[in-house]
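Please keep the model in view while reading.

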Amino acid sequence: QVQLVESGGGLVQTGGSLRLSCAANLRAFSTYNMAWFRQAPGKEREFVATITWNGGSKNYEDSVKGRFTISRDNAKNTVYLQMDRLKPEDTAVYYCAAKTVLPGPYMYWGQGTQVTVSS
């Protein structure tokens with residue numbers, strides 16, 4: 001059974017930082033593209049950042065560019081999201097997700113970790 005387990009969420013003040021981690025028990029983790037999504041109360045889940053299987057390409061949602069950094073360690077089957085200069089509007093449940101390099105949807109999802117940014 002595939003499991004993605006997020007950690008690192010919490011309560012932080014505006015301008016602070018958090019580092020999220022997502023540990024995956026995926027066989028051949030290094031062949032999967034990984035992503036972070038988030039869902040704020042009353043809103044739909046939205047894309048935050050993605051990283052290709054080898055870390056060679058990264059993409060970010062416009063509102064987090066320059067503040068968030070996605071990275072991965074294939075030896076540890078883990079993807080990270082470094083979040084700096086956090087804002088109250090970043091408050092959400094953050095989810096990691098995995099997909100193969102083939103076209104298609106993200107097929108594996110974690111349970112999420114809560115990030116709350118106080119003003």
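The side chain of R67 forms a polar contact with the side chain of D90, at 2.7 Å; a polar contact is a pair of N or O atoms within 3.5 Å, where within protein one must be able to donate a hydrogen and the other to accept it, and residues adjacent in sequence count only if both atoms are side-chain atoms. The model is predicted, with local features requiring pLDDT of at least 70 and side-chain atom pairs pLDDT 80 or more, while totals for chains, interfaces and linings use all residues. Residues are numbered from 1 along each chain as its sequence is written, and side-chain values use heavy atoms, leaving out hydrogens and water.

R67 lies in the loop between β6 (58-60) and β7; strands are DSSP runs of E, at least two residues, numbered from the N terminus. With 6% relative accessibility, R67 counts as buried (under 20% relative accessible area, 1.4 Å probe, protein chains only). Beyond its neighbours within four places in sequence, its contacts (heavy atoms within 4.5 Å) include M83 and D90.

M83 in turn touches L18, F68, Y94 and V115, among others outside four places in sequence. L18 stands opposite M83 in β8, and β3 (residues 18-24) pairs with β8 (residues 78-83) in the antiparallel sense over six bridges; pairing requires at least two DSSP bridges.

These strands belong to an open, antiparallel sheet of four strands, ordered β1-β3-β8-β7. β1 (4-7) and β7 (68-73) each have a single partner strand, so one side of each lacks a neighbour in the sheet.

Key:
Buried means under 20% relative accessible area, exposed over 50%, partly exposed in between (1.4 Å probe, protein chains only).
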